Amino acid sequence: MNIASITSEKSSSSVAFKAYFPLRKFSGIPCPSCGIPMLANKDMLVFITDATQTRGLELRKVLYSGRGYYRPIEDKFAQTAYRALPDHPHANLNDITEILAQTYLPRLEKKQEKVLREMLDNMKRLTKQDRDAVNSFLKGILWIIFKRNPQNPFSRQRFLEHFESVSQNATSNGNFARLQKIAEKMPTSLDSVEAFIVKNARQIQKDRETNAEKKLNMASKIISPSLATIEHMLTKIKVENNNIDNFLLMCEQCNTSRKTTSYKHWLTTHPEMPENLRLYAEYVSSLIRRHKDRALQDMETYLADANETLKRVSKGKLRLLD
């Protein structure tokens, strides 16, 4: 899209745009929520193309080029793949994921077993009836984990759902809270590189076996969470929807996770956001001042206007400018 496609009808405090926000063209802007640098769409597509088409040592170079843009778990995966590729010069990124899974599945199983053993060790306060029910359930989960049936692999989500069903039928409800906290320690692909590798390797295998039309692409998987997307501070049903004073750039991961969660609640789980908003504002301010892109020159009042929207929608708890 070129600059002429921007709708430049000015209101009293903002410039209206049609599905276009000039800042999205620039990589490196820190996400105002998590602080990780974001990637422009064109740069993301270049990375995905290069990482999909290369193998072995050439793929290592591509993975190295993405440093700084990966989110934490994707960064751990990229480092792991980077170290493994010299031993597999003909492997692409999907191949190396399946190769790594052979090593990381036993490690994941040990972590899963540790959680289940901890739950078994904390059943003393349960009634005998509840102990028997939980014991039977956990032993069944252990059997699923170590049987490694590709048609019925262990699923953290199903595990938590089934445990919730067991707890609802319990006679000693109050004592299940501790067990629930332990159950939630079960590794997830969002915080465990072992779980990330195994989960995606299983999906790659499933796509191949079912000849899926849309197959998992690990290059896209590891970089797309950092794509710069438009965050509407006021939800899309509001009149201010397409004014840039209602826009923040936010990485796809944070934007998707927040959805319609209020900023007040989001702040309780992301206490780093005030500092990241400050870094976002500093970077954007510098970009607007030094860049000659005409679209950016029309954004001189963006930060001040967006700051007012943010203060209003967060009830004064968040701001871009002091």
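## Salt bridges

A salt bridge is counted here when a side-chain nitrogen of Lys or Arg lies within 4 Å of a carboxyl oxygen of Asp or Glu. In this predicted model, the side chains of Glu282 and Arg278 meet that criterion, with an N to O distance of 2.5 Å. Both residues belong to helix H12, which covers residues 273-290, and they are four residues apart, about one turn of the helix. Glu282 is partly exposed at 44% relative accessibility, and Arg278 is also partly exposed, with a relative accessible area of 32%. The pair is part of a network of salt bridges that links Glu275, Arg278 and Glu282.

Side chains of opposite charge can pair when their charged atoms come close. The count for the model is 13 salt bridges. Among them is the pair Glu113 and Arg117, whose closest N and O atoms are 3.2 Å apart. These two residues lie in helix H4 (residues 93-120), again four residues apart, about one turn of the helix. Glu113 has a relative accessible area of 23% and is partly exposed; Arg117 is partly exposed at 40% relative accessibility. Another salt bridge joins Asp43 to Lys42, with 3.4 Å between the closest N and O atoms. Asp43 is partly exposed, its relative accessible area being 28%.

## Cysteines

The model contains zero disulfides. For Cys34, the closest cysteine sulfur is that of Cys31, and the distance of 3.8 Å is too far for a bond. Cys254 is in no disulfide either, the nearest cysteine sulfur, in Cys251, being 3.5 Å away.

Is Cys254 buried or exposed? Cys254 has a relative accessibility of 4% and therefore counts as buried, the limit being under 20%.

## The largest pocket

The space in the largest pocket comes to about 1100 Å³. Helices H4, H5 (128-147), H6 (156-168) and H8 (193-210) are the elements that each give two or more residues to its lining. Which of the elements gives the most to this lining? Helix H8 does, with eleven residues.

By residue class, the lining is made up of 13 nonpolar, twelve polar and ten charged residues.

## Overall architecture

The chain is built from 14 helices and two strands. Its C-alpha trace spans about 70 × 55 × 30 Å along the principal axes. Of the 322 residues in the chain, 48% are buried.

Contacts in the chain can also be sorted by sequence separation. Among contacts with a separation of 6 or more, 66% are between residues 24 or more positions apart.

Note on methods. Residues are numbered from 1 along each chain as its sequence is written. This is a predicted model: local features need pLDDT of at least 70, side-chain atom pairs count only at pLDDT 80 or more; totals for chains, interfaces and linings use all residues. Side-chain values use heavy atoms; hydrogens and water are left out. A disulfide is a pair of cysteine sulfur atoms within 2.5 Å. Buried means under 20% relative accessible area, exposed over 50%, partly exposed in between (1.4 Å probe, protein chains only). On a 1 Å grid over the protein atoms alone, a cavity is a set of points where a 1.4 Å probe fits but cannot get out, and a pocket is an open set with protein on both sides within 12 Å along at least five of seven lines; lining residues have an atom within 4 Å of a point. Grid points are joined across faces, edges and corners, and a volume is the space filled by probe spheres set on the points. Ala, Val, Leu, Ile, Met, Phe, Trp, Tyr, Cys and Pro count as nonpolar, Asp, Glu, Lys and Arg as charged, and the others, Gly among them, as polar. Contact means heavy atoms within 4.5 Å.
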